[in-house]
Amino acid sequence: MWLLAVASVLHAAPAHAQLVALTPEEQAWMQAHPQLTLALDQYNAPLNFRREDGGASSFAGASIEYAQLVARNTGLKFQFAGSTWDEALRKGMAHEVDGVLCARERPERKTRLNFSTPYLELPIALATRPDHPAARTLSAFAGQRIAVVRNTVRVPVLRERCPACKLVEVADVQEGAARVLKGEADGLFDDLPVIQRMLGSAGQLKISLLYYYSEAATVRFALRNDAPELLSIVNKGLAAITPAEHELIRSRWLAAADGVHVQRELPLTPAQRDWLAAHPVLRVAMDGGRAPIEWRGEDGKQRGISLDFLHRMEEMLGVRFELVPSKSVAEQLARLQNKEVDIVSAITQAPERRAYLNVTQPFMTTPIVIFNRVGTPPPGGLGGLTGKPVGVSARTSVAGLLRHDWPGIQAVPTDNFQQAADLLRSGKIEAFVGPLITGTHQLVEQGASDIRVAGETDYQYHIGYGVRADWPELLPILDLALDAIPRTERDAIRQKWATVQYAHEIDYRPLGALLVAVLVAVVFIVQLRVMVKRRTAELQQEVSMRRAREDEIQLLNAALELRVEQRTMQLSRANDELRLAAEQLVQTEKVASLGRLVAGMAHELNTPLGSTLTAATSLHDLVREFGGALASGGLRRSQADQFVQQCQQACGIIERNAYRASALIDNFKEIAVDQASVRRRRFGLAHIVREVVATHHNAWKGTPHRIVVEIAADIELDSFPGPLAQVLSNLLENTLVHGFANHPGGTVRITATPAGERVQLSYMDDGAGIPAEHRNKVYDPFFTTRMGQGGSGLGLYIVQTLVSGVLGGAIALHSEDGKGTRFELTLPLVAPEPTAGTASATHGIVALPATASAGYGSA
């Protein structure tokens, strides 16, 4: 049975939401599982946490909103169960819930859980007290005490990356922060957004180190692995989340973490680490004239986007890049072919270069556009330049593309943008085709107000790093480093150089500055047109798809409404039948309990009745012998005296056993009447408990077990002895069948302690105990571990129903596997009057008397 915790249920998808397409198997699985429970760490703000201003089921955070989007996109219904992370993971591994939010993938977890595609990527921060020395690496904290939430993925990260660190495992980040502030730990290791949120509340910590480890960075749904359909549905729901929705969640919950510079740990193999150790210095040929990608400034220093990426990779790889200035791309490639350098910066791949050059994944991409003179009509794309001389950058692969795709264009190679601008002004070329980012940068830098961006092409300029072909080991290492730079950091590097600011003298050509501003606006408009064109095409495609799906949904809705109506009727009938069956089974259990009582009482009566019958038979024989002796006249005085003595003994035996049988019958009548009715009376608690124990004497006397009753005689209750006897009988039967099975000898101890207007009745045994996975199911109706062996699964269900219902008390279970079981019953000394609710909840075990409406128990 899948357990459902009490938590908030997500709202259904709005009517306009477009559900993802599911297979028939996935649809059938969703119908069979209409509501799912996700466990979460409720102390993990801002990722997922319990609202302080809400109820027990009110949760918020980035992960909660991702779950809501998945529910909206798929039709799944989620509710959340909050706890510590340790408890949430335990529930997920035990399949007590359907999944765990904000989880990381680990090999030991995959034995019980499936992991979705990632929905977040988070670096880890190490927070310390303000007076703690700064550190650049995790290993610098060797020998220090690091607080970390237990059973999180950060524990193995610390053990692997800083084996000399002393781990202080805590239940949540609040406890970890408190330990750092008290000096019980030197640092707190957790997700950057969580630490940032903690800094806002703690106010006495600082971030000493930011760390990235791929296994610990990616956040996923962890889902029970016995439901592969659930994994497929959730992945489809995640894939349908739009970029705008991702951005909205990040801006709402994780804005403080964006753009933060993070030390990133690369998953390098031992062979790759050995290769880097053998090559600590790598020579890089850099172009000096391609601003803002890379160029040499007036101060002689190299700068630009490609250099910033190189510096970032230096930190991650632990190597040094030695810069080798070059005047042109041709010089860079010549140096690489001669093995004078190892890497060519900012290059694209071309067929003629593959023999000696491998290129990494691009670190940036820019459109290829058309530039011409202001006042010249726009060419209308590359097709409008056919038969005309067109300048192309010799530093890019554009010339080769034009020769292949547009052979009618007369390509004129140029070394730089300044040369291309001069050719345009002199009329020697009609246009210039080159990268947007370098061209616009040069226009602004030169104040070239007479040249503009005049059109678009279908080409993109993908810029990476070229690596010597005879060093195949280096290419995947650089790819790993580039891939490890977060998207937000990539964007920050590009943004840094995309806009160039200049300080001019106060009297410097105001008109030129104005023209530069106009030119920048034109560039922006061209970029905006490209974006609008692409977005328009995407929206048109999306609109057509949505219209088709709306038609499908209307048909499906009509069929679904009919199916829902039919299914509702079926469920209603099944519910009525189930309720009737439950009442019949409870009544059967009640009759069976009385039957066991009668059988036990009959066995107990056999002993006094047998003794009485034996004494009466012996007395009959003595009377017959005495009469014969008297009739024959041979009766002696000694015989008469012996006869009288034997008669007295026989009569004494008959009298004692008759009294014992009478007492047993009286006890039986009282217990039977109590259990068969709702009779309320005043009674001694010890008397009722001992009566119940006596009725079970027959079942227990042949066992090595014993029952000890320690209840003061002065404890009296004004209550219902019948339901109380039923409760104790069920507990005794449960102990004998389950607790003492295969037990060499056990003890049941029943005690009572007055507590004001209540009494604490404790029932304890030292038997096998209840396994952890069964403790929260023992009160469920029909739950039994002896299915098919005579167990109905109603014993403890009846116990809880009677205690919390007609007896007006409460019951608590305490048990450990192999260490016995204790039930604590808290009962009022004066039971409340039964109501229709408490009586009906017992399924006929207790019924309201006819006079209840007139004031039950008033007579």
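Modeller: Accessible areas come from the Shrake-Rupley method with a 1.4 Å probe, and for residues only the protein chains shown count as cover. By this method the protein chain exposes about 41,900 Å², of which carbon and sulfur atoms supply 55%. This is a predicted model, in which local features need pLDDT of at least 70 and side-chain atom pairs count only at pLDDT 80 or more, whereas totals for chains, interfaces and linings use all residues. Residues are numbered from 1 along each chain as its sequence is written, and side-chain values use heavy atoms, with hydrogens and water left out.

Colleague: How many disulfides does a search of the whole structure find?

Modeller: A disulfide is a covalent bond between the sulfur atoms of two cysteines. Here the criterion is a pair of cysteine sulfur atoms within 2.5 Å, and the search of the whole structure finds one. Cys-162 and Cys-165 form this disulfide, with their sulfur atoms 2.1 Å apart. The link is right-handed, with 75° about the S-S bond.

Colleague: Are Cys-162 and Cys-165 buried or exposed?

Modeller: Buried means under 20% relative accessible area and exposed over 50%, with partly exposed in between (1.4 Å probe, protein chains only). Cys-162 is buried at 2%, and Cys-165 is buried at 8%. In the protein chain, buried residues make up 45% of the 859 residues.
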